[in-house]
Amino acid sequence: MTSPSTTSAPGTPAAAGDRRRWFALAIVMTAAFMDLVDVTIVNIAIPSIQRDAGASFSQIQWITAGYSLAFAAGLVTGGRLGDIHGRKRIFLIGITGFTVASALCGFAANPEMLVASRILQGGMAALMVPQVLSIVHATFPAHERGKVFGLFGMIVGLGAVSGPLLGALLTEWNIFGLEWRPIFLINLPVGIAGVILGRKFISESKAPRALKLDLVGVVLVTAGLLMLLYPLTRGRELGWPTWGYVMMAGSLAVFGALVAYEKRKAAKDGSPLVELSLFKVKSFAAGIAVQTVFGITLGIFFLVWTLYMQIGLGWSALRAGLTGVPFSIAVSAAAGISVQKLVPRFGRKVLQTGAVAMAAGVLIYIWEAGRYGTDIAPWQMALPLVVMGVGMGLIVAPLTDAVLSDVPQEHAGSASGLINTVQQMGTALGLGLVSVVFFGVIDEHVGPDRIPAEFVDGFQNALWWVAAVLAVIFLVMFALPAKPKQHVEGGGGDDGAVTVDALGKEPVLTQ
């Protein structure tokens, strides 16, 4: 293993006898865990943020969607920066910025500052997260990576389960009277330790041939999404003004300009933000559509679910957090079985079964919400949540392999980075659509005694949308390969963003 200040290429991992690589592994996986928990921890604290900070519903949407948008917009660029300037250097910049942004979130003086700090936090995560598995790939020899990637999968599952519970406990305990703020401040000691230890134990590495940056592409993607999302989140509160429809229509023109620019960028230097030639591969195009729409589903469900339990039903954060435990456990269990046992034998039928199971769980939830109304108990929610969790686990773990099956080896890096990017963008869009599918059917001006019933109606309406989207996902999955091929471990591309999604980082309990 080279010294921490020495640059090494990905093809020359650290010597197997050097124990420092295991310290490096612990550091980068802790950072990945911190990112996962930070995403899931926020949802459970949203009602507390609304009450304590006086945030409007549109600001609540931006507290979650802003993170996803910034994270998505910066993922590919973050990976490329690591390839060009060194993964250790960019990782340390990312974890430092993430820690600072967490402090700004925790000490936010008003909702506007919290939204801005969350956007900054998402941008810093986009620098930090792509380096995690790139560093693993550069540090560990091939025969050890299977064990390491297995550990990473455990971290993903642990983050999914512990995030909501940790958020519920920190909010419920109201430490030092800080209400929701400890959910962000808890990142400070972890982040500071990560910076100090990372400087000492992580070895520097760069790609032997890194792609160039495409900052114009990032600007166009971000502008197009903002022009679409901002009117969606603010439109209802402002009475759906004409300028909102103009902005949303204008976003289509921006996305058209993005496509034209990316074509020129590819012809000029071969390093566009989006490799458009990939969409000629039917399975990849279909997989990207599934990933995007699946992100929309998750963005809608998790925000609406939290508001339904804590504001509509009046449950505490801890009660709501504990209610979600069966769901998280079901996702983790089904994900492991699907990859190891089911997909090798049944192929895409496993993913389609997952979509059907999720839709079935949603329909059961709709029925129970109507049947029991505001008297529904956590144990009654366990059945639909477990069914939904099993369905989600069958989808999220094998989806990346299915999408990458027919992608040429030389484009595996760009393809894998794009998969996670569009999922995050889909999540941001789903959070924006909450204004339409949930708040759009709620009358906020009724008396306090009617609020619970309004939220139950809004929850059911949103779930009908989720069920419809899952039906679309099921149909689009027919374009995926019947039996996904095994792609090369780590993606094999030069783009550092490949490592973000190649091992299923998206268990999305990300949003």
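Reply: Let us begin with the residue that follows a helix. H2 is followed by Gly86, whose phi is positive, near 110°. The model is a predicted one, in which local features need pLDDT of at least 70 and side-chain atom pairs count only at pLDDT 80 or more, while totals for chains, interfaces and linings use all residues. Residues are numbered from 1 along each chain as its sequence is written, and side-chain values use heavy atoms, with hydrogens and water left out.

Me: What is meant by a helix here, and which residues follow H1 and H12?

Reply: Helices are DSSP runs of H or I with at least four residues, numbered from the N terminus. After H1 comes Gly54, with a positive phi near 70°. After H12 comes Gly347, whose phi is positive, near 65°.

Me: Which residue other than glycine has a positive phi near 50°?

Reply: That residue is Asn174. Asn174 lies in the loop between helix H5 (142–173) and helix H6 (182–185). Glu179, also not a glycine, has a positive phi near 55°, and its place is likewise in the loop between H5 and H6.

Me: Where does H2 bend?

Reply: A bend at a residue is the angle between axes fitted to the seven residues ending there and the seven starting there. H2 bends by about 45° at Leu75. In H1, a kink of about 55° lies at Ala45, shortly before the proline Pro47. Helix H12 (residues 325–346) bends by about 50° at Ser338.

Me: How many residues of H2 and of H1 are buried?

Reply: In H2, 27 of the 29 residues are buried, and the helix is mostly covered. In H1, 25 of the 34 residues are buried, so H1 is largely enclosed by the rest of the structure. For H12, the buried residues include Val325, Phe327, Ala334 and Ser338; Ser338 is also where H12 bends.

Me: How should I describe two helices that pack together?

Reply: Two packed helices are described by the angle between their axes and the distance between the axes. Axes are lines fitted to C-alpha atoms, for helices over the stretch in contact, and angles run from 0 to 180 degrees between N-to-C directions. H2 and helix H4 (residues 111–139) pack at an angle of about 30°, with their axes 6 Å apart.

Me: What do we call such an arrangement of H2 and H4?

Reply: Angles under 35 degrees count as roughly parallel, over 145 as roughly antiparallel, 65 to 115 as roughly perpendicular and the rest as oblique. H2 and H4 are therefore roughly parallel to each other. The contact of H2 with H4 has 16 nonpolar, eleven polar and two charged residues. In these classes, Ala, Val, Leu, Ile, Met, Phe, Trp, Tyr, Cys and Pro count as nonpolar, Asp, Glu, Lys and Arg as charged, and the others, Gly among them, as polar.

Me: At what angle do H1 and H4 pack?

Reply: The angle between H1 and H4 is about 160°, with their axes 9 Å apart. H1 and H4 are therefore roughly antiparallel to each other.

Me: How do helix H8 and helix H9 pack?

Reply: Helix H8 (residues 215–235) and helix H9 (residues 242–269) pack at an angle of about 160°, with their axes 8 Å apart. They are therefore roughly antiparallel to each other. The residues in the contact of H8 with H9 divide into 19 nonpolar, five polar and one charged.

Definitions and conventions. Helix = DSSP H or I, 4+ residues; strand = E, 2+ residues; numbered from the N terminus. Buried < 20%, exposed > 50% of the residue type's maximum accessible area, 1.4 Å probe, protein only.
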